[in-house]
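Please consult the sequence and structure shown here while reading.

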Amino acid sequence: MEHYDFDELDPQGRQPKRVPRSQWGSDTNLWVGALEGKTLGTGVTVLFYATQEIGEGPRWHVHPYDEVFIVRTGRALFTIGDQKIEANTGDVLMGPANIPHKYHNLGPGKLETTDIHLSDRWIQTNLPDPEEG
C-alpha cells in the first residue's frame with residue numbers, strides 16, 4: 001500500500017473541515033439554508049431548498065457562474081432561459097452562467113433541491129419575471 005503525505009496533496013494546504021447544520025440551516029426539520037464555499041475554503045457554494053407549497057420556489061434571477069440543480073424529492077418546473085423543463089426526484093439539471101432561471105414545486109407533496117453554485121460566494125441578481133407581466 002502506498003503512503004501519502006496528505007499535507008503535500010493539497011497545494012493550498014487545506015485540511016478537511018466540518019460545518020454543523022446549525023451554522024448553515026435555517027430550519028431544523030427541512031433542508032433549507034446556504035453554505036458558501038468560502039466558509040469551507042472551496043470554490044463551490046451549496047444551497048438547500050425545500051417547500052411543501054405548490055407553486056412556490058425561487059423566483060426569476062441570474063448568477064455569473066454555472067449552477068447545478070439536484071431534485072432530491074418531488075416534482076418541479078424549471079424555467080432556464082427560454083426552456084421549460086419538468087424535473088422529478090433524482091433528476092439533475094444545469095443552468096449556464098448568465099442565463100436567468102427559476103423553478104417551482106409542481107406537487108403533489110414536498111419539493112427538496114440541492115443547488116450547487118460553482119462559486120465560492122453566492123452572487124445573485126433578482127430580475128423582474130417576464131411571465132408575471
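Glu 112 is buried, with a relative accessible area of 8%; buried means under 20% relative accessible area, exposed over 50%, and partly exposed in between, for a 1.4 Å probe and protein chains only. This is a predicted model, in which local features need pLDDT of at least 70 and side-chain atom pairs count only at pLDDT 80 or more, while totals for chains, interfaces and linings use all residues. Residues are numbered from 1 along each chain as its sequence is written, and side-chain values use heavy atoms, with hydrogens and water left out.

**Surroundings of Glu 112**

- Glu 112 belongs to strand E9 (residues 111-117); strands (E, at least two residues) and helices (H or I, at least four) are DSSP runs, numbered from the N terminus.
- Leaving aside residues up to four places away in sequence, Glu 112 is in contact with Trp 31, Tyr 49, Ala 50, Ile 70, Val 71, Arg 72 and Thr 73, where contact means heavy atoms within 4.5 Å.
- A salt bridge joins the side chains of Glu 112 and Lys 110 at 3.8 Å, N to O; the term denotes a side-chain nitrogen of Lys or Arg within 4 Å of a carboxyl oxygen of Asp or Glu.
- Lys 110 is partly exposed, at 27% relative accessible area.

**Other salt bridges**

- The structure holds 8 salt bridges.
- Side chains of opposite charge can pair when their charged atoms come close.
- Glu 86 and Arg 75 form a salt bridge whose closest N and O atoms are 3.0 Å apart.
- Because Glu 86 lies in strand E6 (residues 83-88) and Arg 75 in strand E5 (residues 75-80), this pair ties together parts that are 11 residues apart in sequence.
- Glu 86 is partly exposed at 46% relative accessible area, and Arg 75 is partly exposed at 28%.
- Glu 131 forms a salt bridge with Lys 102, with 2.8 Å between the closest N and O atoms.
- That pair links distant parts of the chain, 29 residues apart: Glu 131 is in the segment after strand E10 (125-126), and Lys 102 is in strand E8 (residues 101-105).
- Glu 131 is partly exposed, with a relative accessible area of 49%, whereas Lys 102 is buried, at 12%.
- A network of salt bridges links Lys 84, Lys 102, Asp 129 and Glu 131.

**Strand pairing around E2**

- In strand E2 (residues 45-51), 6 of the 7 residues are buried.
- Strand E1 (residues 33-35) pairs with E2 in the antiparallel sense over 3 bridges; pairing requires that DSSP find at least two bridges between two strands.
- Val 46 in E2 is the bridge partner of Leu 35.
- E2 and E9 run antiparallel and are joined by 7 bridges, with Tyr 49 opposite Thr 113 in E9.

**Aromatic rings and charges**

- The whole structure contains 7 aromatic pairs; rings of Phe, Tyr and Trp (its six-membered ring) pair if their centres lie within 6.5 Å, with planes under 30 degrees apart counted as stacked, over 60 as edge-to-face and the rest as tilted.
- Phe 69 and Tyr 103 form an edge-to-face pair, 5.8 Å centre to centre with 75 degrees between the planes.
- Phe 69 in strand E4 (residues 67-73) and Tyr 103 in strand E8 are 34 residues apart, and both are buried.
- Tyr 49, Phe 69, Phe 78 and Tyr 103 form one aromatic cluster.
- The charged end of Arg 72 sits over the ring of Trp 31, 4.9 Å from its centre; this requires NZ of Lys or CZ of Arg within 6 Å of the ring centre and within 35 degrees of the ring normal.
- Arg 21 also lies over the face of Trp 31, at 5.0 Å from the ring centre.
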